[in-house]
Amino acid sequence: MTTIGSRVGAAMRGADMQQKELAQRVGMTPDALSRALRDQRGFAAVELAAVASVLDADVHELITGTPDPHRLVLAARHSFDHDTGARSVVGLDEDRTLLADVRLAYAQISPVRAPLELPPDVEEVRRLLHPDFVRPFVDRLAEIEVDVVRIDGPSTAYSFLVEERPVILLPESGNWFHENWSLAHELGHLALGHEGVVPGTALADVKEREANAFAAELLLPAVTLQQIDWAEIRPAEVAELVWTWGISTGSLSRRLKKLELTPSVEVAEVLTWSTQKLLRRHWTGAKIGDPITRRMRDAGERRFPTWLQEAHLEQIAEGAVGKGTLAWMLGVPVTSLEVDEPAVAEELSDDALAELIG
């Protein structure tokens, strides 16, 4: 039978953190922490809360041995400095409020819609998504029961499970090729079972590399790239590939380097350009309108899963929840949201009525 001390010790090992560092960060003496880990003294509530925060652990699980069923266990797309090799999630603390809001949207609907099981093999995932999945990437993910939420404010992309249902959270960036990579990267975290990895640790670096490798092979399969004559291909053809594959010039350049495929001098030059510059100068696929701008607009639109919105409508009609969360999901004022609501008895007070309608 495990104890609180043993569970904290396991969380420390998972976070690759030494006792001395943890004691300093949570305001305990090294001796007090050592005795608590050996169950020779108990953790104070404030100490255990601080330990959970520092180790990014589930305080409910530290106390009971059972995970909190409503806790979001996150994986995040780290910023990567190609010069230093450093990875970080700079805005994590500021993002926690938004993540809590998303959690609430799911917590008000219980149980959530059952997911499918994601295979860990990238080829199996590609088969589930079907050919040419990149342009309708978000819709294809919905078909395999992976939810995509896109809202304004997050500093990066996240993935997490809600009652085993996979969710990917994206910022409303408008950058469609960056979004595609984020979707593939976070899908890799979900498929490979990466959960609860503390940013900045050696383990987090390993998982980030695994998710990036998954994304690279999903979006830019090695066998596909190796079949192309990169010494002869022209800039217009490269532009068509960038558009079709939904990736950036930088991603393609790094993938070619990784696979030791050498493009012509001309193609190597255009791959140093921004993606928009390459497409605006060399892509000839636009027949009607401005599809490049349309992709940018689509990647900047607020989005929540349709099934989740419909579930909230049903709950509102039954009087189980107010309209506030659904209005937030839709990005509209709650006063402008006209939905079916249960009849309210005349004797209800103004305060009770306000609480009922959210």
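Glycine 193, with a positive phi near 75 degrees, follows helix 9. This is a predicted model, in which local features need pLDDT of at least 70 and side-chain atom pairs count only at pLDDT 80 or more, while totals for chains, interfaces and linings use all residues. Residues are numbered from 1 along each chain as its sequence is written, and side-chain values use heavy atoms, without hydrogens and water.

The protein chain has 19 helices and six strands, taken as DSSP runs (helices H or I, at least four residues; strands E, at least two) and numbered from the N terminus. Of its 358 residues, 45% count as buried, that is, under 20% relative accessible area with a 1.4 Å probe, protein chains only. Helix 9 is largely enclosed by the rest of the structure, because 15 of its 16 residues are buried.

The table gives the partners of a second feature.

| Helix | Residues | Residues in the contact |
|---|---|---|
| Helix 1 | 4–14 | Ile4, Val8, Ala11, Met12 |
| Helix 4 | 45–55 | Leu48, Val51, Leu55 |

Contact here means heavy atoms within 4.5 Å. Helix 1 and helix 4 pack at an angle of about 20 degrees, with their axes 10 Å apart, and are therefore roughly parallel to each other (angles under 35 degrees count as such).

How values were computed. Buried means under 20% relative accessible area, exposed over 50%, partly exposed in between (1.4 Å probe, protein chains only). Axes are lines fitted to C-alpha atoms, for helices over the stretch in contact, and angles run from 0 to 180 degrees between N-to-C directions. Angles under 35 degrees count as roughly parallel, over 145 as roughly antiparallel, 65 to 115 as roughly perpendicular and the rest as oblique.
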